[in-house]
Amino acid sequence: GWYNLTTRGLEYQCAEHAYWDLGRPPDDADEPADIRGLRVFQRYFNQRFQTYGRTVRFHAYCSNEAGDDSVVSPEERRADAAGLLAKVDPFAHLVQGTNGNSDTFIEAMADAGRVHVSTSQRGADYYRQYPGLVWSYRPSLEIQVEQFTSYVCSKVLAYPVSFSGNDDLGQPRKLGLLYTDHPRAGSLTAFAELARQRIEDCGGEFAHVATLHNYGAAYSSNPTTEGLENMAAFQSNDVTTIIWAQGYDSSHTKSARQLDYEPEWVIAGDGAHDGYAPQTHQDQQVWEHAWVVTIQPLQTGTVFESECAKALAATGGLDRQDISHLCTFRDYYVQLRQLFTGIQVAGPRLTAQSMDQGFHAIPPLPSTDPRVPACFYDPGDYTCVKDAAAMWWDPDGANNFGTGASSNEGCWRMAEGGRRYLVDRWPEGDVIAQQAPDDPCNQYSGQFFLSRDH
């Protein structure tokens, strides 16, 4: 296997165009943390998955990166692909942390018949352009929309206000829609537009629709003009329940607090909204009226008790700082697990076609463990997770962050202990029907930066 890698920041950065063959001993004792981690993952997955006498060998590459406010060109991405095909000729590749036009790179590799595994949110048609070559752990945009909107349609629309902080409990719900229209938030905006259509199709009506222009790590310590305008519009239109269709921001809750407005929030998880760390930046009085629908499984304990950390610790060679970095800010573990699962189910004759057949032979079974998502592949589908869970924000719950800008107070509590549901299988009753004060806190920390548009 081959791993395309771009890392940033302090002790975790790598030089542009740096390359490592992880099948060879390290040349430098001070390799970047990501490279050290990939060496450990290489040993771990080769030891624990059936590879039919083969050793899956990792290669890592740090591409050229533009500055924070610019984008690497499509031509540079195609040059990356051509150079690596000539140098490594990989069977499969993964991508992390690129600054724009990663799809150009992925498409160039797919045109050459190379398998790609990701954690991106893309539409189903994207995967069908390259059947059996482009896969994702995260569900397709359409499946995730169905997960979220089936929840809204079955558990929100038919019931009166039940968890707002305003004087409207028991009144009919009046919906507002909030989402991002940032020019580089393409998949987030597409999610919201499709979610709006699905909710309107099942009888929902939006009294007001508002957009936000930030996303990712938009941590505002004070209300913003945009936030005040949007929240004032929701308030003046008597919106009781805001449907937030992805795209993180913290200024809107601070703006709502200034307006003495505490509506219900029903949120679509996007990797930031369903993690506890970004939510400690919300106004806590406003945010205690929030629920989120998430694909994230239940994670208890610290990051060092996660499946990712257990894998790294079982193989050895990394300190706690490296493990925390690799399991908090990287998606290596789930991507590599999906890739090695594909290698195993492909059988002894490994090709993209045999991997495709193996993945699609996995039976479509629901999850029976809140820590493990249901993962199977429907016909014409190339994405893993098929279920979701619901969580509610408890400002007094304990999280495991404890350092840095985020507080260790506040957590998403998982209703029914984190029980997971396939699309249209949500339990009967209003949003709060399954809420209990002893619901466990999910220690998924969340992404501080959402992926920019591909």
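Predicted model: local features only at pLDDT ≥ 70, side-chain atom pairs only at ≥ 80, totals over all residues.
Biologist: Which residue does C153 join in a disulfide?

Modeller: The partner sits in a distant part of the chain: C153 belongs to helix α5 (residues 141-155), while the other cysteine is in the loop between α6 (186-201) and β8 (206-212), 49 residues apart. Their link is left-handed, with -80° about the S-S bond. The S to S distance is 2.0 Å, and the partner is C202.

Biologist: Is C202 buried, partly exposed or exposed?

Modeller: Buried would need under 20% relative accessible area, and exposed over 50%. C202 has a relative accessibility of 36%, so the class is partly exposed.

Biologist: Now for C308 and C327: how many residues apart in sequence are the parts that this pair ties together?

Modeller: The sulfur atoms of C308 and C327 are 2.1 Å apart, and the two form a disulfide. C308 lies in helix α11 (residues 307-315) and C327 in helix α12 (residues 320-328), so the parts tied together are separated in sequence by 19 residues.

Biologist: And is C327 buried or exposed?

Modeller: The cut-off for buried is under 20% relative accessible area. C308 has 8% and is buried. C327 has 17%, so the answer for C327 is buried.

Biologist: What is the handedness of the disulfide of C375 and C384?

Modeller: These two cysteines have their sulfur atoms 2.1 Å apart. C375 is partly exposed at 28%, and C384 is buried at 4%. The torsion about the S-S bond of C375 and C384 is about -140°, so the disulfide is left-handed.

Biologist: Which residues is G446 in contact with, leaving aside neighbours within four places in sequence?

Modeller: G446 is in the segment after β15 (441-442). With a relative accessibility of 2%, G446 counts as buried. Beyond those sequence neighbours, the contacts of G446 are G271, G275 and P278.

Biologist: Last topic, the aromatic rings. What kind of aromatic pair do F41 and F45 form?

Modeller: The structure has 23 aromatic pairs. For F41 and F45, the rings are 6.0 Å centre to centre with 40° between the planes. Planes under 30 degrees apart would count as stacked and over 60 as edge-to-face, so this pair is tilted.

Biologist: Why are F41 and F45 separated by about one helical turn, and which helix holds them?

Modeller: Both residues are buried, F41 at 0% relative accessibility and F45 at 1%. They also belong to one aromatic cluster, together with Y44, F49, F58, Y333 and F340. The separation is about one helical turn because F41 and F45 are 4 residues apart in helix α1 (residues 33-48).

Definitions and conventions. Residues numbered from 1 in each chain as written. Heavy atoms only, no water. Disulfide = S-S within 2.5 Å. Helix = DSSP H or I, 4+ residues; strand = E, 2+ residues; numbered from the N terminus. Buried < 20%, exposed > 50% of the residue type's maximum accessible area, 1.4 Å probe, protein only. Contact = heavy atoms within 4.5 Å. Phe/Tyr/Trp six-rings, centres within 6.5 Å; stacked < 30°, edge-to-face > 60°.
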